[in-house]
Structures are given as structure tokens and as C-alpha cells.
Amino acid sequence: MIKADFSYDVIVIGGGHAGCEAAAAAARMGAKTCLITMDMNKIAQMSCNPAIGGIAKGQIVREIDALGGFTGIVTDATAIQFRMLNRSKGPAMWSPRAQCDRAKFITTWRGLLENIEGLHIWQDEVTEICVESGAICGIKTIWGAEFKANAVVVTAGTFLNGLMHIGRKQVRGGRCAEPAATFLTDSIASFGIRYDRMKTGTPVRIDARSVHFEDMEEQPGETDYHRFSYISPQRPLPQLPCWTCNTNADVHTILRDGLADSPLYNGQIHSIGPRYCPSIETKLVTFPDRDNHPLFLEPEGLDTNELYLNGFSSSLPMDIQIDALKRMPCFRDIVVYRPGYAIEYDFFDPTQLKHSLESKKIGGLYFAGQVNGTTGYEEAAGQGLIAGINAARRCHGEPAFVLGRDEAYIGVLIDDLVTKGVDEPYRMFTSRAEYRILLRQDNADARLTPYAIRLGLSSAERTQRFQQKKHAIDEIVTYCNATSMKPSKINAYLEAIGTTPLHGGSKLSELINRPQITLEGIATKCQGLQQILDTLQTDKEEIIEAAEVEIKYAGYIARERLIADKMQRLEAIRIKGRFDYNAITQLSTEARQKLTSIDPETLAQAGRIPGVSPSDISVLLVLLGR
């Protein structure tokens, strides 16, 4: 009898957002890859809100796309509402967000994965990792299959010993109506890898036919040129509205009366939930003086009546959830598909990882996504992409690929995880990045596509369009920096748009710095600039926007680049393995403990560890002879 060949370079455990990006990257880099998932029909399932992007999360998706990942492409293909958030602020804060068709998102991702050469999919539950001589060598499944591999990426999401809560009712599962993975945590922990529990939740799903939309405020999307992927065509699906409403005092009374049965407050749940996505009952307790909270009703797809009630995540008993919602005029006749619930699950302390997301204890074992203590599809996908890249590079005998904090939000995310750890589900915000003027959504391709080209993850089309775009932006910026305008040619225009006229010649770039002036506007008064803009064909609007941002914010960008470059000097000082921290009495007790536990790679990373003070860094510099 011929036995099945279960030998691979890379195995990815879990078919969520992290797993999809990890498997796709590893296979496209030439590693024979197998994605093992418990349900092939739920690949890339959006367990909570069917939306991608948002504040800082949208930047991560743009970065994934620039690196050759697929989340942005799939999002554009399945988007049913797009918005650019924070437009009233500077471009460092602009964040794309899209509501997606949940079912089409799954089928689009699966179609991509099934057509990647060298990538196989296996439906099963992984129960055990296999280790030899301190390195991963394979896995075993609940059906008795034994896989050999040089690298394994764990992306199990909320499925590790998942326990769902609705009121006092508890059901084991990784998602509603889906079983939990009950063996893998113990197998991983048996090798000395620490784990703990976290909690997240999801809101009620509503039948659109029961909603009184006339009592809500409609929130339309945007239909301009913005999108997630640098190579996507314009969004192909019809664009749908969302709706907003507010809770009221009657709703709050019903919810407060039910708090005794809330798993968050009756002792059932001991783990910590996401601070920045609280349940409705947490909002009532945290903000007792508020008499209303905003809610957002969002479509789940084109071909379904199912709606998602953003802002009403809850684990209260189902009758309390429904009764409370019926006290709102728009939901007075509400019919629901299922109530909200909370879920607890295992995660592994991410300070046990290298910046490559490889375990410090087991060579070739990588972790990505919610198993590292993060929350959100975008954070998971970004980690999955990096883990998949590094798993493939390990198989090829190549050094790890690591992004710096000044290069990508993904770099900030991973550095925060492995340096600081987590005590609650981690969510990315623009405020977490020191260099957010450098890490804009408009320039993710300029920052990261050169890496994608070198890694072999950039298609011929992506490479060509990137090079054309870069050349066009450089041409516009160079022309504006070199070309002057005389007052006689421009003053009438300046006065017409309400800005101060010139008293002498001025460079175009200096004029564009004014908030009232745009590239396209001033091009109407400058034939040479207009000719350059007229030659643009592909990505015209995006090129003009990126060039304008580069010109308007050139001073801020240069200053932040200088600060980042100074910090790079500390990043270049390698200290891993050079000190016995417990023997350095000049360090504080906390610093000795933290430095010994994390064993940072560089002096800069040591400085970011909570509890390590500037004086502790000075001690290390002295000992290094610097």
C-alpha cells in the first residue's frame, strides 16, 4: 500500500487571517506548504465584524499589500462600503476602512489559496507538535495523520480551549457552532512555553426586515479612487450604506438589571478583554453617567438580511440583550439571528518570541495572530505574513526578515509584542508609533514594496506599477522644488482662493505648502506641471496625492527621519548574549529581572522594555565601552 506523503517545508495551523497570509507567503517563496484548518468552508472567516481596516489597522493592510500579501486585494474585491477615516486630520492619521461581504470574502480568499503553486490545504485538527533536538520536526492530528515539517506556524485564533459565554450558559467552542481545539495548548506548553487566557466578544446579529431604518441616520460610503491594494481595480461590488443610532436610558436600565447574570461580573470570566472594544455592559459600568452610547448597524453582505450591530458586544443572557434593544425605536420589532457572546481562549506570552515571530525555545516554531495576544484581523494578518516569510526563509537557510519601528506599523506591532508583552488583547493605534509621519497609508508601497521584490512576493504587475509610480512622484516633487513662479503669473489665482499674494518669486513647493493650494489647482497656472500631470495614466489620483503629501509635509518628514536615524544607532548595538544581567548590580532589580527574561537583541530594544530606565541603558553603554 502506498502511504500518503505528509512531508512539507512549512505547515500552517489555522485558516484565519494570519494563517492565510502565512501560508500564501511561504508557498510563493518556494516552500512546500500545507495549511491545516478545522473547516475549509470557514477559511478567512470574519469571526466578528465583517470589516477590514480602521484607525492604524488600515495602514497595516496597506503594508501587507505593499509586501505582496493578499488581504488588501481580497478586501477591495469584496468591499460593500469604503471610507477613509480621519480625513479632517493630517495624512499621517488617514486610515482606510471597508465593510465587506462576509461570504464573498471567504470564497475569494479560498480561491486564491487553492491556486497558489506548492500550497496544499488539509482539513483536520492539530493536537500535537513534534520536536527533536530543540527544533520542530512536525505535527500530529486528531485523525492520526503525522506531518513532517521544517517549520510550523501556529495561527489558531480563539480556538485553543475556546469557551463561549451567554449569561450563565457556557459552551466549548472556538466560534459560534464550531468546536474548540482542546489538545494543542498542552502539547506546546509541555516544552516550557508559557500561556494564559484572554477574552473577546461579539454582538447580536439582526434581521434587516425587522429594523425601522426611518428611525436611524444613514451613513453612506465613499466612491472615490482610494482602495486598499496598490494593484486592485476599482471596487466591483455595489456599495451599501450603514446606519447609526444611540442607546437610551430605558436600554441601560434593562442592561443594568441583568448585570448579575453577566459572565463579566458574576465571576465566570476571569480573563481580560479588549480595552478598546468593550462590551455594552462594560460601557455602562465604566461610564455610569452616560445616558446613551452610539451604535452602528452594518450589512454583512449583498445577498443576506443579516446585519451586524457594532458597539453592542455583549455576553448578557439572550433575553436581556433582545429586551434591551427593543427599547430603542428603530429596534422595537427586532428579530435576531443569534445573540452576542463572549469567548475565552488560550494565548502564548509573546515575549517568548524573537522579532521573526519564531519561538526562543523551539527552533522553527512560529506564532502569529491572536495566539500572541492581539485582537483584530489586520494585526493577525500582518503577523501571519511575517511569520510565513520567516518560516520559508528558515527552510532556505536564509536570515530572518524583520521590520523596524520606523519602517512599518507591522514592525511597531511585533516589537511591542516581543519587547513589552501583553496584559490585555493588543490593538494597534497610530499613537503607538513614534514615527507615524513616516508610516502613512499613502506611502506603504514606497516603504515596503522594495522588500517584496527582493523576497519574491511582488508580481510583475506590482513591480512595474510601483516603479512607474515612484518615477512619477519623484518627477513631480523634483519639478516643484526646482521651479519658481512670478507674482504676475500667480497672484490673481492666489487672491481668488483666499491666500496671500506673492511679493517676489516663489518655488512651487513653497506655494503648495499653503493649506489652500493643491497640486492640481496650481497646475492650472503652471504649464510645465500640468504637462507632467497630463502624462499620468495608471494610478493618477494616488500619485498626485502622494506627491502632494511629500511636498506639503517635507519638513516634518525630514525631521522625523532624522530622529529615527538617531535611534537606529542604538538598534545597531547588539547586546544579546553579551551580559549576565543578574550579575550587574548597578542595574535596578526590575531591570535585571526584565532584561534576563526578555534577553533583548539590541540596546534600543532594551530601552523599550517596561521597567528598564534610561539610567539602566547608560550602565549598559558604559559596560560596552561606549
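Mentor: With 4 residues, α12 gives the most to the lining of the largest cavity. This helix spans 460-482, and α11, spanning 444-455, likewise supplies at least two residues of that lining. The model is a predicted one, and every value that follows is computed from it.

The lining of the largest cavity consists of Y230, I231, D445, T449, R462, R465, F466, K469, D539 and E542. By class, 6 of these residues are charged, 3 are nonpolar and 1 is polar. The space that they line amounts to about 70 Å³.

The count of cavities of 30 Å³ or more comes to 2. The second largest cavity holds about 40 Å³ of space. Around it lie L353, K354, H355 and K360, together with I598, D599, P600, E601 and Q605. The lining of this second cavity divides into 4 charged, 3 nonpolar and 2 polar residues.

As for the cysteines, the count of disulfides in the model is 0. C100 takes part in no disulfide, and the nearest cysteine sulfur, that of C242, is 11 Å away. C100 is also buried, because its relative accessibility is 0%. For C137, the closest cysteine sulfur is that of C130, at 5.2 Å; a disulfide needs the two sulfur atoms within 2.5 Å, so this separation is too far for a bond. C137 counts as buried as well, because its relative accessible area is 16%, and the cut-off for buried is under 20%.

E300 and C100 are 200 residues apart along the chain, yet their C-alpha atoms are separated by 7.0 Å. E300 is found in the loop that joins β15 (294-299) to β16 (306-313). With a relative accessible area of 2%, E300 is buried.

Leaving aside residues up to four places away in sequence, E300 touches C100, D101 and R102, and also P50, I80, R205, E306, L307 and Y308.

Technical notes. Residues numbered from 1 in each chain as written. Predicted model: local features only at pLDDT ≥ 70, side-chain atom pairs only at ≥ 80, totals over all residues. Heavy atoms only, no water. 1 Å grid on protein atoms, 1.4 Å probe; cavity = no way out; pocket = protein on both sides within 12 Å on 5 of 7 lines; lining within 4 Å. Points joined across faces, edges and corners; volume = space filled by probe spheres on them. Nonpolar A, V, L, I, M, F, W, Y, C, P; charged D, E, K, R; others polar. Buried < 20%, exposed > 50% of the residue type's maximum accessible area, 1.4 Å probe, protein only. Contact = heavy atoms within 4.5 Å.
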